[in-house]
Amino acid sequence: MESGKQGGIQLLLAAEQEAQSIVNASKNDKMTRMKQAKLEAEKDISDFRAQVEADFQRKLAETSGDSGANVKRLEIETEEKISTLTSESSRINTEVVQMLMRHVMSVKT
């Protein structure tokens, strides 16, 4: 009877050790998967950052290049408007002076 108890205890200890080794192996597998997932996430984040940075630099280069063209275009448009206003004022200058003279010289009672 004593040997049956001993055998049962040994069997329980062996089963407990086997269960513990299964739990430890599972924990180790889980930790390995977690580390791998973390590394993949960091790589994805790094790739995303690089893509966003590249897009930003491209847009910055496009707008910086355009600013020179925009400035030149605005200068040309401004010169054209100034020229138009100057020619219009020269064209109607005498008419405006005559109209002002009429109003100033006319006496209203």
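How much of the accessible surface of the protein belongs to carbon and sulfur atoms?

**Figure 1. Overall dimensions and surface of the predicted model.** Of an accessible surface of about 10200 Å², 61% belongs to carbon and sulfur atoms; areas come from the Shrake-Rupley method with a 1.4 Å probe, and for residues only the protein chains shown count as cover. The C-alpha atoms fill a box of roughly 145 × 40 × 10 Å along the principal axes. The radius of gyration is 45 Å, whereas a compact globule of 109 residues would have one near 13 Å (taken over C-alpha atoms; globule rule, 2.2 Å times the number of residues to the power 0.38). Buried residues make up 0% of the 109 residues (buried, under 20% relative accessible area; exposed, over 50%; partly exposed, in between; 1.4 Å probe, protein chains only).

**Figure 2. Gln-20 in helix 1.** The secondary structure comes to 1 helix and 0 strands (DSSP runs numbered from the N terminus: helices H or I, at least four residues; strands E, at least two). Gln-20 is partly exposed, at 43% relative accessible area. Its C-alpha atom is separated by 45 Å from that of Ala-50, 30 residues apart along the chain.

**Figure 3. A nonpolar surface patch that includes Val-96.** Val-96 lies in helix 1, residues 2-105, and is partly exposed, with a relative accessible area of 34%. Together with Ile-92, Met-99 and Leu-100, Val-96 forms a patch of about 300 Å² accessible area (residues with over 30% relative accessible area and no salt bridge; nonpolar side chains, namely Val, Leu, Ile, Met, Phe, Trp and Tyr, joined within 5 Å, and like charges within 9 Å; salt bridge, a side-chain nitrogen of Lys or Arg within 4 Å of a carboxyl oxygen of Asp or Glu).

**Notes.** Residues are numbered from 1 along each chain as its sequence is written, and side-chain values use heavy atoms, with hydrogens and water left out. In this predicted model, local features need pLDDT of at least 70 and side-chain atom pairs count only at pLDDT 80 or more, while totals for chains, interfaces and linings use all residues.
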